[in-house]
Amino acid sequence: MTFSADELLAQLRQRQFQPVYVLQGEEPYYIDHVADIIEQTALAEHERGFNQVILYGKDTDVAGILNQARRFPMMAERSVIIVKEAQAVADLESEKAWPFLEAYLKNPLASTVLVLCYKHKTLDSRKKLGKLLAAKDTRAAMLTSNRLYDNQVPAWLTAYVRSKGQQIAPQATAMLAEYIGTDLSRLINEVDKMMLNLPAGQPIDEDLVQKMVGISKEYNIFELQSALIRRDVLKANRILLYFEANPKASPLIPNLTLLFNYFSRLLALHQLPNPTDADWTRLGLKSTFARKDYQTGLKVFTPDRTRAIIHLIRRADGQSKGIDSGSMSDGEILRELVWLILHPVPLQAVVG
């Protein structure tokens with residue numbers, strides 16, 4: 001049976017444990033989180049020595065997993081078997097192991113909680129194991145943890161902070177979403193770190209994000225983006241000088257990603273002459289603060305110019321990987337890109 005992460009976590013809070021968990025997907029945060037909750041709560045601390053086993057996929061096989069799962073608990077209500085990196089179990093989807101897996105999944109030991117952490121991928125639903133887990137008579141709880149889209153991160157981040165009894169300003173949400181992206185584990189780590197240093201009643205704001213995440217207040221990619229939108233050549237050059245002097249503080253690839261995301265959304269907005277609130281929200285631009293730079297950009301960059309800039313960013317990304325870059329450094333690649341964005345040279349003249 002398929003469950004969402006929230007459904008499984010609600011069950012675990014009520015100490016309702018399924019006999020088998022299959023936690024799969026590209027986003028590892030919820031896989032780790034559910035497995036950690038089971039590891040921490042299914043058994044009392046004094047019961048774990050004899051009744052909790054942690055296996056790693058590359059060091060075990062299906063027979064080893066099932067042998068552990070069929071053991072009865074010792075002086076405890078249940079035993080817990082957690083298989084981390086289960087995608088590395090060599091025979092997990094093999095024909096040879098199939099009859100044994102099928103027999104156990106259809107009739108698991110009631111006193112065992114078996115957790116398979118199948119990370120960074122999903123089981124093939126066309127193969128026997130995938131079909132078995134989808135079957136109605138299988139007593140396994142399945143969670144598929146998909147990566148969020150970029151435009152889903154702000155809402156998810158706001159909800160997470162509120163679930164902790166705190167508030168976060170839209171500016172701070174937008175900055176974290178753009179700077180860190182869809183890596184939920186890193187987002188949570190940064191937010192939790194900020195909340196530890198936050199006085200009661202004070203929201204997470206832009207200044208705190210800049211301070212705690214290590215973003216320079218004046219010289220960062222967001223300020224560079226703002227300078228490009230407002231065609232502030234002097235400010236853009238000051239930021240570029242800072243980037244070149246501090247390459248570790250502002251690596252090229254994340255900067256290109258942020259610029260690409262901005263101009264890609266801008267191009268999408270150009271296709272919507274009168275964007276509604278629903279259109280803005282769909283692009284991850286729910287707050288007035290988040291929309292401000294895009295509203296300015298729509299006036300500054302025409303649709304054709306926006307397309308050309310996206311092409312230039314892709315070209316810079318290729319140069320960062322050694323394609324047609326000669327001996328250019330990362331700083332020189334970004335400087336050339338910024339110059340080309342600020343000076344509307346015909347694209348044909350750049351790419352030949």
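Predicted model: local features only at pLDDT ≥ 70, side-chain atom pairs only at ≥ 80, totals over all residues.
By class, six nonpolar, two polar and three charged residues make up the lining of the second largest pocket. As background, rolling a probe the size of a water molecule over the atoms shows where empty space is left.

**The second largest pocket**

- The volume of the second largest pocket is about 340 Å³, and the residues that line this pocket are D6, L9, R13, Y29, Y30, H33, W156, A159, Y160, S163 and K164.
- Two or more residues of this lining are given by each of the elements α1 (5-13), α2 (28-41) and α7.
- Among the contributors to the second largest pocket, α7 supplies the largest share of the lining, which amounts to four residues.

**The largest pocket**

- The largest pocket has a volume of about 1,100 Å³, and its lining is made up of 47 residues, of which T173, A174, M175, A177 and E178 lie nearest the centre of the pocket.
- The elements that each give two or more residues to this lining are α7 (153-163), α8 (170-180), α11 (221-229), α13 (252-270) and α15 (288-300).
- With nine residues, α8 gives the most to the lining of the largest pocket.
- Sorted by class, the lining of the largest pocket holds 19 nonpolar, 17 polar and eleven charged residues.

**An element to look for in both**

- The helix α7 is listed among the elements giving two or more residues to the lining of the largest pocket, and α7 is also listed in this way for the second largest pocket.

Terms used. Residues numbered from 1 in each chain as written. Heavy atoms only, no water. 1 Å grid on protein atoms, 1.4 Å probe; cavity = no way out; pocket = protein on both sides within 12 Å on 5 of 7 lines; lining within 4 Å. Points joined across faces, edges and corners; volume = space filled by probe spheres on them. Nonpolar A, V, L, I, M, F, W, Y, C, P; charged D, E, K, R; others polar.
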